[in-house]
Amino acid sequence: MAAAAQYRANQQGSPAEVVERHGELVRRIAHHLAARLPASVEIDDLVQAGMLGLIEAARNFQSDQGAAFETYASIRIRGAMIDEIRRGDWVPRSVHRRYRDLVAATREVEQRTGQAATAQQVAAELGVSLDEYHAMVENSARGQLVSLDAHMDEHDGEARVASRGTATPERAFEQSAFRDALAEAIAGLPERERLVLSLYYEQELNLREIGAVLGVSESRVCQIHGQAAVRLRARLADWHRDDGDDDDHDLP
């Protein structure tokens, strides 16, 4: 135990040293999140929240849990930023309502047809034009950033489980089952939606960079990401209900 404590002290150092060593990680995550947020959200606010998450990660990191510090810290940094965004509550209630409508319409179409719902089908289900549908998806994508990212972090493997000192076997099983359900839902997404999620979450490209890869605009990438998020929420709706949480921000 003493050796582990000494290891942490040697590796992390003082809060100032931790910030200096890993500050770029915080800034990278902040810019990654900000790409899908309104201009009213200040990068500096995200960075400040992320720095606090970084310091907290350094205090709580346990090297014997098998996760690299940057992996563990990234989750805590992102979580701190998401908490800061949630406190701001900048998403209008109307956007949340439209998002729920999108999810319900997508779920209805896919259950009826047994296939991935197209934009045209969901727009028809909602009784709106295709342009209106795309605007709803893009607005919802930015409004639901916190939800999808929070849930991906919440179920992001052993590092997250290890960070919870009170994690129970039941909780670990639930996380494993959710990851399996999420993986299956993602595997069933249209190819372009899978690619956008992979580039954003695994390769950590921002929307502009993904647009350059796909040869489309940043706005179009946001729409594709939004469609994927809506589809995942619709397919994982049972998990949401089981949580007993009706908060508009939660996804799936």
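The model is predicted, so local features need pLDDT of at least 70 and side-chain atom pairs count only at pLDDT 80 or more, while totals for chains, interfaces and linings use all residues. Residues are numbered from 1 along each chain as its sequence is written, and side-chain values use heavy atoms, with hydrogens and water left out.

R76 sits in helix α4, residues 69-88.

The protein chain as a whole contains 14 helices and zero strands; helices are DSSP runs of H or I with at least four residues, strands are runs of E with at least two, and both are numbered from the N terminus. Of its 252 residues, 46% count as buried. Of the contacts between residues at least 6 apart in sequence, 67% join residues at least 24 apart, where contact means heavy atoms within 4.5 Å.

Two packed helices are described by the angle between their axes and the distance between the axes. Helix α5 (residues 93-113) and helix α13 (residues 218-235) have axes that come within 8 Å and cross at roughly 65°. The axes are lines fitted to C-alpha atoms over the stretch in contact, and angles run from 0 to 180 degrees between N-to-C directions. The angle makes α5 roughly perpendicular to α13, a class that covers 65 to 115 degrees, with under 35 counted as roughly parallel, over 145 as roughly antiparallel and the rest as oblique. From α5, the residues Y99, L102, V103, T106, R107 and E110 meet A229, V230, R231, R233, A234 and R235 of α13. The residues of this contact comprise six nonpolar, one polar and five charged; Ala, Val, Leu, Ile, Met, Phe, Trp, Tyr, Cys and Pro count as nonpolar, Asp, Glu, Lys and Arg as charged, and the others, Gly among them, as polar.

The structure also has three aromatic pairs, meaning Phe, Tyr or Trp rings (for Trp the six-membered ring) with centres within 6.5 Å; planes under 30 degrees apart are stacked, over 60 edge-to-face and the rest tilted. F61 and F69 form an edge-to-face pair, at 5.2 Å centre to centre and 75° between the planes. Both F61 and F69 are buried. The ring centres of Y200 and Y201 are 4.9 Å apart with planes at 80°, so this pair is edge-to-face. Y200 and Y201 are both buried. F61, F69 and Y72 make up one aromatic cluster.

Conventions. Buried < 20%, exposed > 50% of the residue type's maximum accessible area, 1.4 Å probe, protein only.
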